[in-house]
Structures are given as structure tokens and as C-alpha cells.
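The sequence and the model are shown first.

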Amino acid sequence: MKTIKKGFWAGLLSFALAKVAHLAITFSIGLIIGLAFASNPDQLPWGLITFMDSPIIGIIFLIFATHFIYTKLTTPRTK
């Protein structure tokens, strides 16, 4: 299978895929928390929500996810 050449476009694609994954994961976590506490919204775990929604956690996730996706896109596959 062909791989993408290392460079700007591979990095941009990796970042875009990591950003979509980040949005999907945070949406899923928020949805699960919202559904779990739907009957009693006063008991929402705001500490967990603010921790997961902090910019530092998002940046750390994007760095690791972008690196992982970039490596998978640019490493030639062996049979």
C-alpha cells in the first residue's frame, strides 16, 4: 500500500484528522456525562468537565494524536 510523502501536506492531514478525533471524543464524553446526569443536573461533576475541557488537555491530545497519525500515514507498510 502506498504511503503519503513526509512533509507539510501529511502533517496538515494528520492535524485535521486529530482535530476531528478530538472533537468527536470530547462530544462523546460530554454526551455520556449529560445523559448520565439528565435526571439531576445539579449533581453534574463540574470538576471533571472543566478538566476535560481545559486547553492544556486539548493541546496535549492534539500533539500525541497528530504524531501518531503522521507516523501511521508516512511509515511504509511491510507485508
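The model is predicted: local features require pLDDT of at least 70 and side-chain atom pairs pLDDT 80 or more, while totals for chains, interfaces and linings use all residues. Numbering starts from 1 along each chain as its sequence is written, and side-chain values use heavy atoms, with hydrogens and water left out.

**Overall architecture**

Helices (H or I, at least four residues) and strands (E, at least two) are DSSP runs, numbered from the N terminus. The chain contains 3 helices and 0 strands, in the order α-α-α from the N terminus. Its radius of gyration is 17 Å, well over the 12 Å given by the globule rule for 79 residues, so the chain is more spread out than a compact globule. Here the radius is taken over C-alpha atoms, and the rule is 2.2 Å times the number of residues to the power 0.38. The C-alpha trace spans about 50 × 25 × 15 Å along its principal axes.

A residue is buried under 20% relative accessible area, exposed over 50% and partly exposed in between (1.4 Å probe, protein chains only). Of the 79 residues, 14% count as buried. With contact meaning heavy atoms within 4.5 Å, residues 24 or more positions apart supply 77% of the contacts with a separation of 6 or more.

The expected span of a helix is 1.5 Å times one less than its number of residues. The table sets out two helices.

| Helix | Residues in helix | End-to-end C-alpha distance | Expected span |
|---|---|---|---|
| α1 | 29 residues | 42 Å | 42 Å |

The buried residues of α3 are G58, L62, A65, T66, I69 and T74. Viewed down the axis of α3, these buried residues fall within an arc of 140°, so they line one face of the helix; the arc is that of the directions from the helix axis to the C-beta atoms. An α-helix has 3.6 residues a turn, so residues three or four places apart point the same way. On the other side of α3, I56, I63, F64, H67, F68 and K72 are exposed.

The buried residues of α3 pack against α1 (8-36). In α1, the buried residues are A10, S14, A18, H22 and I33, and their cover includes α2 (46-52) and α3.

**Individual residues**

S14, in helix α1, is buried with a relative accessible area of 0%. Leaving aside residues up to four places away in sequence, S14 touches T66, I69, Y70 and L73. A polar atom of the S14 side chain lies 2.7 Å from the backbone oxygen of A10. A polar contact is a pair of N or O atoms within 3.5 Å; within protein, one must be able to donate a hydrogen and the other to accept it, and residues adjacent in sequence count only if both atoms are side-chain atoms.

T74 belongs to helix α3 and is buried, with a relative accessible area of 8%. The side chain of T74 has a polar atom 2.7 Å from the backbone oxygen of Y70. Residues up to four places away in sequence again set aside, T74 touches T3, I4, K5, K6 and A10.

T78 is found in the segment after α3 and counts as exposed at 75% relative accessibility. The C-alpha atoms of T78 and G47 are separated by 45 Å, the two residues being 31 residues apart along the chain.
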